[in-house]
Amino acid sequence: MEEELKNDKVISRKKLLAFLLSALVPGLGQLYNGQHTKSIVYSIGLLTLPIVFNLLGLKPYFLAYAALIILLIVLRLAIAIEAAVTAGRKKEYQLKNYNKWYIYLAIVPAWYFAVYAGESISETKRYKSFSISTDSSNPNLTAGDYVVGDFDFYNSKQPEYGDLIIFSIPNAGNYVFRIVGMPNDTLNIENQLVKIKNKKSIASLVSTLTWNEFETEEFIETLPNGYKYRIYRNKTPLDTASATIKNIIVPNESYFVLGDNRDFSADSRFVGFIHRQQIQGKLLRIYYSADLSKINKSLEK
């Protein structure tokens, strides 16, 4: 009788079941096979990999994030295949106390909750991604581009010429424009181009083109710190009053910002100077774009 009870607990391992269990939760198929150490290593390893990724500050880099996703898929597939192969080799084994369907069922939500909790704890609010909704920063940013901003950048650094800053306007939301005027600067906007008194600022015509049916000129502007970037201006300004403005004196602790697409930007010419306290962060890079050549493109110097 004792021998019969013992034999009742011996079952044949099923390769497909081992594969599906590890595909569902890394290491669960190994637990089914009686591989306790491998089960723990695989489960914890794939649990901590995204957490380490977040802690290393790699989230702003699209290619790094894509590599992480591919790596996780490959590892999970390899672990599932390993479980199936082992099940096929060992064939039969003595059932353990944990070889119950309800224990497996309990492990699944527990593991995914641990994944969610781990990523939430390691997730930093420093980096945020969002989409560009207007063409005010053409040709450098276009509507639909997904960008990443560093919202802790100016905790330890001061804004500089050329920075694409993220700032807020009360009751109007957040904006992204480029700093062209620093505190205490005196500057002129001459036919949409920036001239800063007693500081070197250069604008060089690059090409003429048609943008949105407007005859457009593309320039490269160079600011006093040597930062260079492209801008668009209509050959015939849409608003002559904002195209040329003389003797703009930037107050202390404030900045003058412009959009790179000068005729289509509601920038400091319309909303006024941006105070230091309004600046929330700095734009770092294009995370994703319909123009694949722009993916992961840096927006810094």
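**Entry 1**

I looked up the strand order of the open sheet of 7 strands and found 3-4-15-5-6-13-14, with antiparallel pairing. Two strands pair here if DSSP finds at least two bridges between them. Strands (E, at least two residues) and helices (H or I, at least four) are DSSP runs, numbered from the N terminus. At the edges I noted strand 3 (127–131) and strand 14 (274–275), each of which pairs on one side only. I then checked strand 4 (residues 146–150) against strand 15 (residues 279–288): they pair in the antiparallel sense over 5 bridges. Asp150 has Lys282, in strand 15, as its bridge partner.

The model is predicted: local features need pLDDT of at least 70, side-chain atom pairs count only at pLDDT 80 or more, and totals for chains, interfaces and linings use all residues. Residues are numbered from 1 along each chain as its sequence is written, and side-chain values use heavy atoms, with hydrogens and water left out.

**Entry 2**

Ile220 stands opposite Arg230 in strand 11.

**Entry 3: aromatic rings**

I searched the whole structure and got 11 aromatic pairs. Rings of Phe, Tyr and Trp (its six-membered ring) pair if their centres lie within 6.5 Å; planes under 30 degrees apart count as stacked, over 60 as edge-to-face and the rest as tilted. One of the pairs is Phe167 with Phe177, tilted, at 6.2 Å centre to centre and 35 degrees between the planes. Phe167 is in strand 5 (residues 164–169) and Phe177 in strand 6 (residues 173–181), so this pair ties together parts that are 10 residues apart in sequence. Phe167 counts as buried because its relative accessibility is 0%; buried means under 20% relative accessible area, exposed over 50%, partly exposed in between (1.4 Å probe, protein chains only). Phe177, at 4%, also counts as buried.

Next I took Trp211 and Phe264, an edge-to-face pair with 5.2 Å centre to centre and 65 degrees between the planes. Trp211 lies in strand 9 and Phe264 in the loop between strand 13 (254–258) and helix 8 (268–271), so the pair ties together parts that are 53 residues apart in sequence. Trp211 counts as buried at 13%, whereas Phe264 is partly exposed at 29%.

**Entry 4: charges over rings**

I noted Lys128 over the face of Phe151, at 4.8 Å from the ring centre. The charged end of Arg178 sits over the ring of Tyr229, 4.3 Å from its centre. The test asks for NZ of Lys or CZ of Arg within 6 Å of the ring centre and within 35 degrees of the ring normal.

**Entry 5: the chain as a whole**

I counted 8 helices and 15 strands in the protein chain. Its C-alpha trace spans about 105 × 40 × 30 Å along the principal axes. Of its 301 residues, 44% count as buried.
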